[in-house]
Amino acid sequence: MAERICRRCLAKEMPDAEYYKNMYDYISRLDEDIKTPDSLYEERLAACRECGSLLNGMCRMCGCFVEMRAAVVKNHCPAVHAKW
């Protein structure tokens, strides 16, 4: 039987984390001028974890990987009533 993946997990919480390593490498190399501070980044991800639109690390509203969207300070939640 295939292992089920949590439908509302972030990419870093999924098995085969190596598959997503390049995404985290990209986030770690973001210029500090545009990068979201760590505490705010974690707050944003916490809101995404609670959202029914999170599916396998992606936002079903816009199709982005939420970790990447949350990592850039100027970005925002794409929901009509933004959660962050």
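How exposed is Lys21, in terms of relative accessible area? Lys21 is partly exposed, at 38%. The views below come from a predicted model.

**View 1. Lys21 and Asp25 form a salt bridge.** The N to O distance is 3.0 Å. The structure holds one salt bridge. Both partners sit in helix H1, four residues apart, so about one helical turn separates them. Asp25 is partly exposed, with a relative accessible area of 25%. Side chains of opposite charge can pair when their charged atoms come close.

**View 2. The largest nonpolar core has 19 residues.** Tyr41, Leu45 and Val66 touch the most other members. Helices H1 (21–28), H2 (38–50) and H3 (66–70) each supply at least two residues of this core. H2 gives the largest share, three residues. In soluble globular proteins, nonpolar side chains tend to be buried together.

**View 3. Leu45 and its contacts beyond four places in sequence.**

**View 4. Helix H2 has buried residues along one face.** Tyr41, Arg44, Leu45 and Cys48 are the buried residues of H2. Seen down the helix axis, they fall within an arc of 95°, so they line one face. Their cover includes H1, strand S1 (54–55) and H3. On the other side of H2, Ser39, Glu43 and Glu50 are exposed.

**View 5. The span of H2 agrees with expectation.** H2 has 13 residues. At 1.5 Å a residue, the helix should span 18 Å. Its end C-alpha atoms are 19 Å apart.

Note on methods: Residues numbered from 1 in each chain as written. Predicted model: local features only at pLDDT ≥ 70, side-chain atom pairs only at ≥ 80, totals over all residues. Heavy atoms only, no water. Core = buried A, V, L, I, M, F, W, Y, C linked by side-chain atoms within 4.5 Å. Buried < 20%, exposed > 50% of the residue type's maximum accessible area, 1.4 Å probe, protein only. Contact = heavy atoms within 4.5 Å. Salt bridge = Lys/Arg side-chain N within 4 Å of Asp/Glu carboxyl O. Expected span 1.5 Å × (residues − 1). Arc of directions from axis to C-beta.
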